[in-house]
Amino acid sequence: MAEQATWKIRVTGVVQGVGYRPFVYKLARERQLTGWVRNDPEGVLIEASGHESTLRLFSEELASKAPELARVEGVRALTRSAGPSAATRFDIVESEHRGAKVALVPADTHVCADCLAELRDPTDRRYRYPFVNCTNCGPRYSIVRALPYDRSHTTMASFVMCERCDREYRDPMSRRFHAQPNACPECGPRLFLADRDGTVFEGEQALRRCALELVAGGIAAIKSVGGFHLAVNASSAESVALLRERKRRDSKPFAVMVRDLTTAHRIVELSAAEEALLRSPARPILLARKRPGSVPEGVAPRNPNLGLMLPSAPHHHLLLDESGLDVVVMTSGNVSGYPIVHRNQDALRQLFDIADVILYHDREIEIRVDDSVVRLSAHPELPGPLTTFLRRGRGYAPYPVDVGRPLAPLVAYGAELKTTVALSAGSRVYLSQHIGDLKNDETFASHRKTAAHLASLYDLRPEAGVYDMHPQFRTSSAREGIGEPGDPVFVQHHHAHMAACMAENQLAGQAIGVVFDGAGYGSDDTIWGGEFLVGGFERFERATHLRRLALIGGDRAVYEPIRTGLSIAVDAFGDIDTAVKAFPALAQLDRDRRHVYSTMRARGINSPQVTSMGRLFDGVAALLDVCPHAEYEAQGPIELEGLLDRDLDMADGYEFDYDTAEVDFRPVIRAIAEDLAADVPVAEISRRFHSGVVTMVRRQCTAISRTTGIRQVVLSGGVFLNEFLLVNCLVMLERDGFEAYGHHQVPPNDGGIALGQVMVAASGRPATAG
């Protein structure tokens, strides 16, 4: 007879709020084990008695057969003793609230197939109930206030379950066992709609009124899982134009929500991997190649991509069904420059400036969470689809990045734009959702709340705050932390970018960091942005950089790229008159303005010298008359890349000059002028420019490696959101024998910089056990 034993087993990862305890309960009963399972602040704890061979199999299945939403990081036997326990059956016991909080908060997820079937079944008691959910789906991070993840610690605490819901909640065999947002029409949240006249509708009437508004060409503000969206019929050019007019957003692409995959395939080209990502529980916005004429041009002007997502909440499905629409614009519900609105009172006060009706509900959102935006890239020489996050939010936050080494407990506050915060504990760095640009008090308050919320969830007590070196960044100058006692630590911007890429790839030792972005405060008190660095987490050296260019008017040049175009053209040709003859786009500026700009540049009047690759792309886009004036950051580079139509083939690239300590772009500008004069198509010029940058990266890394012996290369910074650059740099560097890495868990732009700040600051501090 096989030997009896009792094991106490610890399971860590995303194992709370995802149906993991019922899974363990059912698995233990199948294996005829006795004992118990419970949640605690570290994850899930199990005591199981049975035959040794059965316990070994049971332990393996705790990971291999886990529920879809679970992310099992570890399964280990804490103790093993001979003989059975006193238990005569297997039970789910009450959660333990004492101890260090290391269990992971699950992210918000889409409505699962089972709940969707109930939503559409006229015989089910949750038929057309907009808040149907179970342990396999529904809101999580956006409603949780504390751990362990129990109903009393969520915004569902105010809804008292009816007898039938309570019975499901307590039944281990139900898929709603301990589903914290569990509810039904009798006891749960309700849907409301307000119009401009102050009339309020409820339930089905609210849904129907919203659908009618969309069909009639109006604008609806819709409360979703992490905040409000603004929606219009995406098939109506007039409705799209109305939304742009009211939101004062002339050019920036809108995302759309599609009814189903059939609709998605009709309007974009989708690979099997892209389809799987769209269908994943995270339900991100996917950047896919749009089919010509599939939606009005106003949805995503001058852009080969279309951001689209599938419905992620039950009322999204109901609304599309009710309206009969299959493609609806779903863009962030906010006033330009401000964070996404997530409170009902704020929506009713602010969004009627844009929306005709507001569809909302009475389940509170504890923490706002924007949609994630993801792109998949393919190339024959890549091992598989390359994932790039443009924005990391709903469905992925607040999952941590495991950096493979223990860290000191710190909190990092990111940069100024596209900001996130990060907190470290053990080998994990908990990275927040996208917060936004810290240009107003509301976003800054959201930034602080998010940091405090993450720290509170995991009971983290950071010993110091980490900031960007830029003295004018709001976080760096205000230093309004969450109570960390130690002195602030300041980290150079591009070093943080480099460290972030090294961290998520769990690299050690030294690397060449190719860091291209718009701007970052350098360690020499100048503005950097086209950098080749050498180093690791502890320190770095600047190996070389892009030639400095004058940013005429400072930050004004970001939204008037023609200023930068004039600056680099004058630099390349030596005088304004020759520059104007070379580039017709400059001739469109009136003579007085050209004179003012060239004088400012020559005399250094509000024209800081920067080494920015992002600004070089701005300038080239302006000189080609692709984008002389920008409505949103990086519009020029985005539209310049858009001319490539997601075709990643390299061309005969323009040659940079490598004869000095700097990478000189002037020969490139002169070559572009020659091609323009020869009537070479702008799309071909764009491809030659992009290819020239790739070749320049390849040559510079080879030269640096020859001197240092370093063969690891990391690519970071917002410019590497450019798919052509990213993919071709990775492929070409690998061809040359380098080990090349990009970002795949966090954005390469400033959305990932807090991760790097933690890594740099922690490199000089004693680590703590996780």
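This is a predicted model: local features need pLDDT of at least 70, side-chain atom pairs count only at pLDDT 80 or more; totals for chains, interfaces and linings use all residues.
An open sheet is formed by five strands in the order S4-S1-S3-S2-S5, and its pairing is mixed. Its edges are strand S4 (71–82) and strand S5 (90–92), each of which pairs on one side only, and the twist from one strand to the next averages 15 degrees. Within this sheet, strand S1 (residues 4–14) and strand S3 (residues 43–51) run antiparallel and are joined by eight bridges; Ala5 stands opposite Gly50 in S3. Helix H1 (residues 20–30) lies across S1, strand S2 (34–40), S3, S4 and S5, and runs at about 170 degrees to S5.

**The sheet of S18 to S22**

Another open sheet of five strands, also with mixed pairing, has the order S18-S20-S19-S21-S22. Here the edge strands are strand S18 (400–407) and strand S22 (489–491), and each of them pairs on one side only. Neighbouring strands are turned against each other by 30 degrees on average, direction ignored. Strand S19 (residues 410–412) pairs with strand S20 (residues 422–431) in the antiparallel sense over two bridges, and Ala412 stands opposite Ala422 in S20.

Two helices lie across strands of this sheet: helix H13 lies across S18, strand S21 (464–468) and S22, while helix H24 (residues 753–762) lies across S18, S19, S20, S21 and S22.

| Helix | Strand | Angle between helix and strand |
|---|---|---|
| H1 | S5 | about 170 degrees |
| H13 | S18 | about 95 degrees |
| H24 | S20 | about 140 degrees |

**His495 in H13**

Helix H13 spans residues 493–504 and contains His495. This histidine has a relative accessible area of 4%, and since buried means under 20%, His495 counts as buried. Leaving aside residues up to four places away in sequence, His495 touches Leu533, Gly536, Phe537, Glu538, Arg539, Phe540 and Val760.

**The pair H19 and H21**

Helix H19 (residues 613–623) packs with helix H21 (residues 666–677) at an angle of about 20 degrees, and their axes are 11 Å apart. Angles under 35 degrees count as roughly parallel, and H19 and H21 are therefore roughly parallel to each other. The crossing of these two helices is right-handed. On the side of H19 the contact is made by Leu616, Val620 and Leu623, and on the side of H21 by Ile669, Ile672 and Leu676. By class, the residues in the contact of H19 with H21 comprise six nonpolar, no polar and no charged.

**The covered helix H20**

Helix H20 (residues 635–642) is mostly covered, with seven of its eight residues buried. The buried residues of H20 are Gln635, Gly636, Pro637, Glu639, Leu640, Glu641 and Gly642. Among the elements that cover these buried residues are H19, helix H22 (682–708) and helix H23 (723–735).

Terms used. Residues are numbered from 1 along each chain as its sequence is written. Side-chain values use heavy atoms; hydrogens and water are left out. Helices (H or I, at least four residues) and strands (E, at least two) are DSSP runs, numbered from the N terminus. Buried means under 20% relative accessible area, exposed over 50%, partly exposed in between (1.4 Å probe, protein chains only). Contact means heavy atoms within 4.5 Å. Two strands pair if DSSP finds at least two bridges between them. Axes are lines fitted to C-alpha atoms, for helices over the stretch in contact, and angles run from 0 to 180 degrees between N-to-C directions. Angles under 35 degrees count as roughly parallel, over 145 as roughly antiparallel, 65 to 115 as roughly perpendicular and the rest as oblique. A crossing is left-handed if the near helix is turned anticlockwise from the far one by less than a right angle, and right-handed if clockwise. Ala, Val, Leu, Ile, Met, Phe, Trp, Tyr, Cys and Pro count as nonpolar, Asp, Glu, Lys and Arg as charged, and the others, Gly among them, as polar.
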